[in-house]
Amino acid sequence: VSNGEEVSQLKIDLAKANARIEKLESNQNKSNTSENVNIKQDLELLEKKMRQRNVIITNLVENTEPVSDRMELKNLGKFLNIDLDSSVVSYRRLGKKHDDQPRPLLLELKSETCKFEFFTKAKDLRKEAKYSKIFIGPDLTPWEQKESKRLRDRLKNEKTKPEHANKNIFIKSNKLFINDTVVDKIQPKDF
């Protein structure tokens, strides 16, 4: 099964799951049944599966011509020593265009191995001034985005506390550490 066929089937499955959820939610007389919970869990898993090979690149220069994204990606690939022509299935900008800030760029990659290679080499971006503000991250579901933001906000808050002045505070593997002790983590979605 090719990647395109797999993505198409996932989109069909996602549409079916969405239709089932809408049907259940429209019937307001029923309570939150276990079937409804199962459907929501299935939908979440499908959404994660659709995003598992994707990466989001933020702060990559955006010009008015669509070919500029292709050129920027080629230059980024050269710098990171990644063959993007063989790794990238598709790419597109996300959100509405603003004059002052480039929109995030979503890359759909051929495999999770390609995604891992991106993450491994992303740290090299800090070595070049031109790419120092560019970040490469995973394509998260809305729930994961919300939890990730909550964890980052907590990190900022903990760093401002006087009692943590000389402590090592960081996030790793979706967990917040203070001096190598886990103090918070991304919570699983409660259906």
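I started with Asp184 and its accessibility. Asp184 has 12% relative accessibility, so I note this residue as buried; the cut-off for buried is under 20%. I keep in mind that this is a predicted model.

Next I looked for a partner of Asp184. I found a salt bridge between the side chains of Asp184 and Arg154, at 3.2 Å from N to O. Asp184 sits in strand E7 (residues 181-185) and Arg154 in helix H6, so this pair links distant parts of the chain, 30 residues apart. I then checked Arg154. Its relative accessible area is 29%, which makes Arg154 partly exposed.

I moved on to Glu158. The side chain of Glu158 meets that of Lys161 in a salt bridge, with 3.3 Å from N to O. Is Glu158 buried or exposed? At 3% relative accessibility, Glu158 counts as buried. Lys161, at 27%, counts as partly exposed. I traced shared partners from here. Salt bridges join Glu158 and Lys161 with Glu147, Arg150, Arg154 and Asp184 in one network.

I also looked up the total. The structure holds 16 salt bridges. One of them pairs Asp139 with Arg51, and their closest N and O atoms are 2.8 Å apart. Which parts does this pair tie together? Asp139 lies in the loop between strand E4 (135-138) and helix H6 (142-160), while Arg51 lies in helix H2 (residues 34-51). The pair therefore ties together parts that are 88 residues apart in sequence.

Note on methods:
Residues are numbered from 1 along each chain as its sequence is written. This is a predicted model: local features need pLDDT of at least 70, side-chain atom pairs count only at pLDDT 80 or more; totals for chains, interfaces and linings use all residues. Side-chain values use heavy atoms; hydrogens and water are left out. A salt bridge is a side-chain nitrogen of Lys or Arg within 4 Å of a carboxyl oxygen of Asp or Glu. Helices (H or I, at least four residues) and strands (E, at least two) are DSSP runs, numbered from the N terminus. Buried means under 20% relative accessible area, exposed over 50%, partly exposed in between (1.4 Å probe, protein chains only).
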